[in-house]
Amino acid sequence: MKRYDIVGLGSCLVDHIAKVPRIIGPEEKINVQAVITGFGGPTTNNLVQAARLGLSTVWIGRIGDDSNGQYILDAFEKEGMDTQFIEIVPGAMSSQTWIAVDQEGQRCIYMCSNITCTITPELVRQRYEDVIAGARLFHSELCQLPLAAVLEGARIAKEHKVPVSVDYDVDVETYIHKNNLGTQRELEELLTLTDVYKSGWSITRSLTGMDEAEQAAAQILRRGPRMVAITLGEAGSYLATAEEKVRVPAIPVKTVDSTGAGDAFMGGLGYGLLQKWPLKRMGEFSNACGSYCCQEIGAQYLGDLQEILRFLRESGLNW
């Protein structure tokens, strides 16, 4: 079986993005300025970013045989990515989201998981053990998948000495108590199996109860991960291991749409990890991937290696 740099188990979906004057509240109406259809999902965006940087990546999971499923297959093939581990389920609806993006690039996201939330630990073990076992890095997420399935993927990776990265992409209170996708006990087990923890600041603050990134990262490191990467929006990112801590400034851009920026950051981080770069270099490169993505609408505005390196140099960094 072919060995991949990164094997990803997570959300894979079609984004329906509405450009709006502002994000509205209950009982309000507003005209949409444009609607754009795109390809996305936290793990998918991460894998595409890493692939454009030159890594071999593959997504494992399920889609439906609907038009959205065909859109997903066509998008993977356009990227030159392997689709042999995608299960097409007859009569099922593929995952999709509805996203409103305002004039400042801020957005809200409504997720419809559909087939994604039917993935079980048994399916992960039966269908994907070999491909996970052969990866250089196994990646998953807390977003739309049941936590039990994510856990099984992490267990398989650990059994075969494959490092595990996890994007903690949804507020834990929502993920566990509102969406009923897992338990606190399963979450704590996943943290012990996670080598690289990545998340945004609001989610990390909710998870840890801490008010400072340094304190939050220290707590997460004590719970299991060997490395923590926290995205801080316009403030950049904070990366920490037991031996080293670094706060890395953002690369400022005019934000058109922040959808997918954290996923692009994770794609850059995975690339840096596999290059065995120092922490600060990983942070700068990952920040660049995230900032680059914000310049156009949609989650798939992702640079290749030469574009990201040029973007870094043009931003005044010594690359």
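Strands β8 and β9 run parallel and are joined by five bridges. Two strands count as paired if DSSP finds at least two bridges between them. Helices (H or I, at least four residues) and strands (E, at least two) are DSSP runs, numbered from the N terminus. In this pair, Phe 138 has Val 164 of β9 as its bridge partner. The chain passes from β8 through helix α4 (residues 147-159) to β9, and this β-α-β crossover is right-handed. Right-handed here has a set meaning: with the strands pointing away from the viewer, the path from the first strand over the helix to the second runs clockwise.

The model is predicted: local features need pLDDT of at least 70, side-chain atom pairs count only at pLDDT 80 or more, and totals for chains, interfaces and linings use all residues. Residues are numbered from 1 along each chain as its sequence is written, and side-chain values use heavy atoms, with hydrogens and water left out.

**The sheet**

Nine strands form an open sheet with mixed pairing, in the order β5-β4-β1-β8-β9-β10-β11-β12-β13. Its edge strands are β5 (86-89) and β13 (245-248), and each pairs on one side only. From one strand to the next, the twist averages 15°. Angles run from 0 to 180 degrees between N-to-C directions, and axes are lines fitted to C-alpha atoms, for helices over the stretch in contact.

| Strand pair | Direction | Bridges |
|---|---|---|
| β8 and β9 | parallel | five bridges |
| β9 and β10 | parallel | four bridges |
| β10 (residues 196-200) and β11 (residues 227-231) | parallel | five bridges |
| β11 and β12 (residues 237-241) | antiparallel | five bridges |

Ser 165 stands opposite Val 196 in β10. Ser 199 has Ile 230 of β11 as its bridge partner. Ile 230 in turn has Tyr 238 of β12 as its bridge partner. Strands β11 and β12 form a hairpin with five residues between them. In the turn, Gly 233 has a positive phi of about 60°.

**Covered strands**

How many of the five residues of β9 are buried? Five of the five are, so β9 is largely enclosed by the rest of the structure. Buried means under 20% relative accessible area, exposed means over 50%, and partly exposed lies in between (1.4 Å probe, protein chains only). In a regular strand the side chains alternate between the two faces of the sheet. Both faces of β9 are covered. Val 164, Val 166 and Tyr 168 are buried on one side, Ser 165 and Asp 167 on the other.

Strand β11 is also mostly covered, with five of its five residues buried. Met 227, Ala 229 and Thr 231 are on one side. Val 228 and Ile 230 are on the other.

**Helices on the sheet**

Helix α1 (residues 42-52) lies across β1 (6-9), β4 (57-64), β8 (137-142) and β9 (164-168). Its direction is at about 145° to β4. Helix α2 (residues 67-78) packs on the sheet and touches β4 and β5. The direction of α2 makes about 165° with that of β4. Contact means heavy atoms within 4.5 Å.

Arg 155 is found in helix α4. Arg 155 is partly exposed, with a relative accessible area of 28%. Not counting residues up to four places away in sequence, Arg 155 touches Arg 125, Glu 189 and Leu 193. Arg 155 and Val 166 are eleven residues apart in sequence and 13 Å apart in space, C-alpha to C-alpha.

**The α9 and α10 pair**

Two packed helices are described by the angle between their axes and the distance between the axes. The axes of α9 (residues 261-275) and α10 come within 7 Å and cross at roughly 150°. The two helices are therefore roughly antiparallel to each other. Angles under 35 degrees count as roughly parallel, over 145 as roughly antiparallel, 65 to 115 as roughly perpendicular and the rest as oblique. The crossing of α9 and α10 is right-handed. A crossing is right-handed if the near helix is turned clockwise from the far one by less than a right angle, and left-handed if anticlockwise.

Residues making the contact include Phe 265 of α9 and Asn 287 of α10. Asn 287 is found in α10 (residues 279-293). At 6% relative accessibility, Asn 287 counts as buried. Leaving aside neighbours within four places in sequence, Asn 287 is in contact with Gly 236, Ser 237, Val 248, Pro 249, Ala 250 and Phe 265.
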